Amino acid sequence: MDAPDPSAGDVRVRVQFSGVNPGDTKKRGDWVGSGMPFARVVPHSDGSGVIEAVGDGVDPGRVGQRVWVYGAQSSRPFGTAAELTVVPAEQAVELPDGVGDELGACLGIPGITAHRAVFADGPVVGRTVLVQGALGGVGWFAAQLARWGGAAVIATVTRASDLAKVSAGLGPAVALDHADPAEAIRAHAPDGVDRIIEVAFSDNADLDAAVAAPNAVIAAYATRRDRPELPFWPMLFANVTIRLLGSDDFPRDAKRQAAADLSRAAADGALTIRIGDPLPLERIAEAHDRVDAGARERVLLAIPS
């Protein structure tokens, strides 16, 4: 393909790393049956690299700036699995000094989703936040962002054998295969939890209801069954709010705020993530297979310069 030219308000980024997310492989697999949105698609929404050209209305001083990219293939045809990608200037966010390009390539979909899940209902200073599935991409960032935002964090993992993988600095962790996970969570939060970040709403609805404090918010970004059953009365009597999160359709201002906060948290050293050895671009199919197989380390492509 020819090098894309940035239109007014856009920047062209020479990509160094392209982040692969479950959403990318689901789009390729047409999981909702909507078909190809464009005649040709270059996949992946997330990445990092260097701005090499700007369109009209963009500060030319941004040329040469290290950036992380989000939303490159969100309702757009050409993402980051290429040497060059063009995005609106605000979707190429300056990478702070000391923050690696690999981390930058992981911040987009999981980071912005985690930020929305944690902060959409206001500050979390002094709150207790339960992060279900804390070893997943969104959950990992959500736990760290909640901690960075001043919350007490309780993390859950699937099995007791996974407990050692949760950083001790985040706070206590509970395994869902515990004989009574609700009791174990309540041991750390006797009055209940104020926010619940939920990766498997259909599986965990009863547990969420059992540990929710009055006026708690359940922020769910995924479910195993698309028509989950809810314990209606316990949730009603607790005045629980259920917030459903679709990352492509977050309000623009919410994405901007998330991007700014993610950069600050990364600069503060508050964000880390497990990243596997990046694969070369020609092994993109293998990268997608790793994501679909549930890889716990983030999967990146290294794009040739």
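Predicted model: local features only at pLDDT ≥ 70, side-chain atom pairs only at ≥ 80, totals over all residues.
Residues are numbered from 1 along each chain as its sequence is written, and side-chain values use heavy atoms, with hydrogens and water left out. Local features need pLDDT of at least 70 and side-chain atom pairs count only at pLDDT 80 or more, while totals for chains, interfaces and linings use all residues.

Helices (H or I, at least four residues) and strands (E, at least two) are DSSP runs, numbered from the N terminus. Strand S1 covers residues 10–20, and nine of its eleven residues are buried. Buried means under 20% relative accessible area, exposed over 50%, and partly exposed in between, with a 1.4 Å probe and protein chains only. Two strands pair if DSSP finds at least two bridges between them. The table lists pairings of S1.

| Partner of S1 | Residues of partner | Sense | Bridges |
|---|---|---|---|
| S2 | 46–54 | antiparallel | eight |
| S4 | 84–88 | antiparallel | five |
| S13 | 299–302 | antiparallel | four |

Single residue pairs place these contacts along the chain. Val11 has Val54 in S2 as its bridge partner, Arg14 has Leu84 in S4, and Val20 stands opposite Val299 in S13.

**The six-stranded sheet**

An open sheet of six strands pairs in parallel, in the order S8-S7-S6-S9-S10-S11. Its edge strands, S8 (173–175) and S11 (241–244), each pair on one side only. From one strand to the next the twist averages 20°. Axes are lines fitted to C-alpha atoms, for helices over the stretch in contact, and angles run from 0 to 180 degrees between N-to-C directions.

Within this sheet, S6 (residues 128–131) and S7 (residues 152–157) run parallel and are joined by four bridges; Val129 has Val153 in S7 as its bridge partner. Helix H5 (residues 181–188) packs on the sheet, touching S6, S7, S8, S9 and S10, and its direction makes about 170° with that of S8.

**Nonpolar cores**

A nonpolar core is a set of buried Ala, Val, Leu, Ile, Met, Phe, Trp, Tyr and Cys residues joined through side-chain atoms within 4.5 Å. The largest has 47 residues, of which Trp68, Val131, Phe141, Ile197 and Leu271 touch the most other members. H3, S6, H4, S7 and H8 are the elements that give two or more residues to this core, and H4 gives the most, with seven.

Leaving aside neighbours within four places in sequence, Leu271 is in contact (heavy atoms within 4.5 Å) with Leu103, Leu107, Phe141, Gln144, Leu145, Leu262, Ala265 and Ala266. A second, separate core of 21 residues includes Val174, Val211, Met235 and Ala238.
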